Amino acid sequence: MLVALIAAILAAVAPAEAAHLTEQPKKHKVVYHLTEPGVDKAKFVLGNVQNHIEGVGGPDHVEAIELVVHGPALKTFVTASIDPDIRARLDRLQVQGVSFGACGNTMKNFNLTLEQLPHGARYLPQGGVVRIMELIEQGYVYIRP
């Protein structure tokens, strides 16, 4: 009876993953938006991005994911004080192709340089909200967790 229950559970899970890939075979383009400061919020958003990648079947099913960070949230990513878990999560996401965009206006207002942000951070001279607008105009899905 236990074996039958396990088989039923596995059968229910497998079609859900396959159904997504059948219904959405295209590669996804997504922009995540983070403005709220704090370690917990950053971990939550980075976790959402990782779950997103896994939920669509892995990095092979993603054309592009960009995390645009501006306002007080950018201070959470200053390398001199970054939480080690945030740094590790961001590194893992970047290896999977996630781009980390840092608002140029916020950098100017907080006197931050790219050297003070994690390796691979992209300076957004047009600003975070303009970058988000540009990505939406290119067909990206907008998500603000």
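The model is a predicted one, in which local features need pLDDT of at least 70 and side-chain atom pairs count only at pLDDT 80 or more, while totals for chains, interfaces and linings use all residues. Residues are numbered from 1 along each chain as its sequence is written, and side-chain values use heavy atoms, with hydrogens and water left out.

A search of the whole structure finds eight salt bridges, each being a side-chain nitrogen of Lys or Arg within 4 Å of a carboxyl oxygen of Asp or Glu.

I begin with Arg-144 and Glu-36, whose side chains meet in a salt bridge at 3.3 Å, N to O. Arg-144 lies in the segment after strand 5 (141-143) and Glu-36 in the loop between strand 1 (28-34) and helix 2 (39-55), so the pair ties together parts 108 residues apart in sequence. Helices (H or I, at least four residues) and strands (E, at least two) are DSSP runs, numbered from the N terminus. Arg-144 is partly exposed at 40% relative accessibility, and Glu-36 is partly exposed at 28%. Here buried means under 20% relative accessible area, exposed over 50%, and partly exposed in between, with a 1.4 Å probe and protein chains only.

I turn next to Arg-131 and Glu-66, whose closest N and O atoms are 2.8 Å apart. Arg-131 is buried at 13%, and Glu-66 is buried at 3%.

Finally, Lys-43, Asp-83, Asp-85 and Arg-89 are linked in a network of salt bridges.
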